[in-house]
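Please look through the chain shown here before reading the points that go with it.

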Amino acid sequence: MQQQQPLVGDAFGELIRDALAVATGVGPRPLAGGRLPRPVIEIIERDDGLINGAPAAPYLEPPEAWPDHDHRALSRVRGRVLDIGVGGGRIALELQRRGVEVTGLDVSAGAVEVSRRRGVRDLVLGTVAEHAATAGPTYDTFLLLGNNLGLIGGADQAPGFLAALAALARPGAQLIAHGTDPYGTTDPVHTAYHRLNRSRGRLGGQLRLRVRYRELATDWFDYLVCSVDELRGLIAGTPWRLADIDNVDAPYYLATLELAATG
């Protein structure tokens, strides 16, 4: 029997909506045995067949549950902020509470809906490039938290992504991104994937993924997990320079990039 393929759709948005329903008790919830709310699990499928799952609840967690590097990142924020990959709105909501002017951006309509329902006031549905085409120089700080340095995508995508951010940036703008160095692992499943990537001309930690939830899956997309040295290579020749690396929580790190002065 041929395996049924999932429907392509906003799987991430669906899981965020269900996670909010489970957390609040409001709205339809996925049920176990037809009665009890089932924990919402985000399924990540990699193009070599690896399947991982993680609870969706952290997308909605309050600041007291965050890792320390999130708090350190927010302590560096200045001016108007673009929270890229707003997800369930946790970062944007805390910035609003602090009186910071913040816009949340996401490609998931479901994530934007959940963020709006939770109280995020300014939201954009679309990619960084789409936003740059209409917004102009608007922001002083860009945030890529929750490991969202990965949204750079890879060596081919990085120049366009960073150029779009520069088009949205006011003079002296900064980008604060959370990344992970993938190369400390000895897990053969991951080291073999690094070798496979390099054999096809990709960075070792460049992931090809899709998110699955219930009957839905997103389109396949690239998501970059890279070392600091690789990041330096990716930003060479772009309008950005690497100003600081905070690796207190290695292999996780916070990279702060600054827009280079022109003229």
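1. The model is predicted, so local features are given only where pLDDT is at least 70 and side-chain atom pairs only at pLDDT 80 or more, while totals for chains, interfaces and linings use all residues. Residues are numbered from 1 along each chain as its sequence is written, and side-chain values use heavy atoms, with hydrogens and water left out.

2. The protein chain is assigned domain 1 (7-58 + 187-211) and domain 2 (62-182 + 224-259), such bounds coming from an automatic or database domain assignment. Between the C-alpha centres of domain 1 and domain 2 there are 21 Å, and the contact (heavy atoms within 4.5 Å) draws on 13 residues of domain 1 and 20 residues of domain 2.

3. The size of an interface is often given as the accessible area lost when the parts come together. Domain 1 and domain 2 bury about 1,200 Å² between them, with 62% given by carbon and sulfur atoms; buried area here is the accessible area (1.4 Å probe) that two parts lose on being put together, summed over both. Of the area that domain 1 buries against domain 2, Arg17, Leu20 and Leu203 supply 38%, more than any other three residues.

4. Across this interface of domain 1 and domain 2 the rule finds one salt bridge, a term for a side-chain nitrogen of Lys or Arg within 4 Å of a carboxyl oxygen of Asp or Glu. Arg17 forms a salt bridge with Glu113, and the closest N and O atoms of the two are 3.0 Å apart.

5. On the side of domain 1 that touches domain 2, α1 (11-24) and β11 (206-213) each supply at least two residues, and the largest share, five residues, comes from α1. Helices (H or I, at least four residues) and strands (E, at least two) are DSSP runs, numbered from the N terminus. That side of domain 1 divides into six nonpolar, five polar and two charged residues, where Ala, Val, Leu, Ile, Met, Phe, Trp, Tyr, Cys and Pro count as nonpolar, Asp, Glu, Lys and Arg as charged, and the others, Gly among them, as polar.

6. Leaving aside residues up to four places away in sequence, His69 touches His178, Asp249, Tyr252 and Leu254.

7. Ile152, in the loop between β9 and α6, is buried, with a relative accessible area of 2%. Not counting residues up to four places away in sequence, Ile152 touches Gln157, Ala158, Phe161, Leu224 and Leu231.

8. Most residues other than glycine have a negative phi, and most peptide bonds are trans. Asn147, in the loop between β9 (139-144) and α6 (158-168), has a positive phi near 65°. Arg214, in the loop between β11 and β12 (216-217), has a positive phi of about 55° although it is not a glycine, and Arg214 is exposed, with a relative accessible area of 59%.

9. The peptide bond that joins Ala250 and Pro251 is cis, with omega about 15°. Pro251 has its place in the loop between β14 (240-246) and β15 (252-259).

Definitions and conventions:
Buried means under 20% relative accessible area, exposed over 50%, partly exposed in between (1.4 Å probe, protein chains only).
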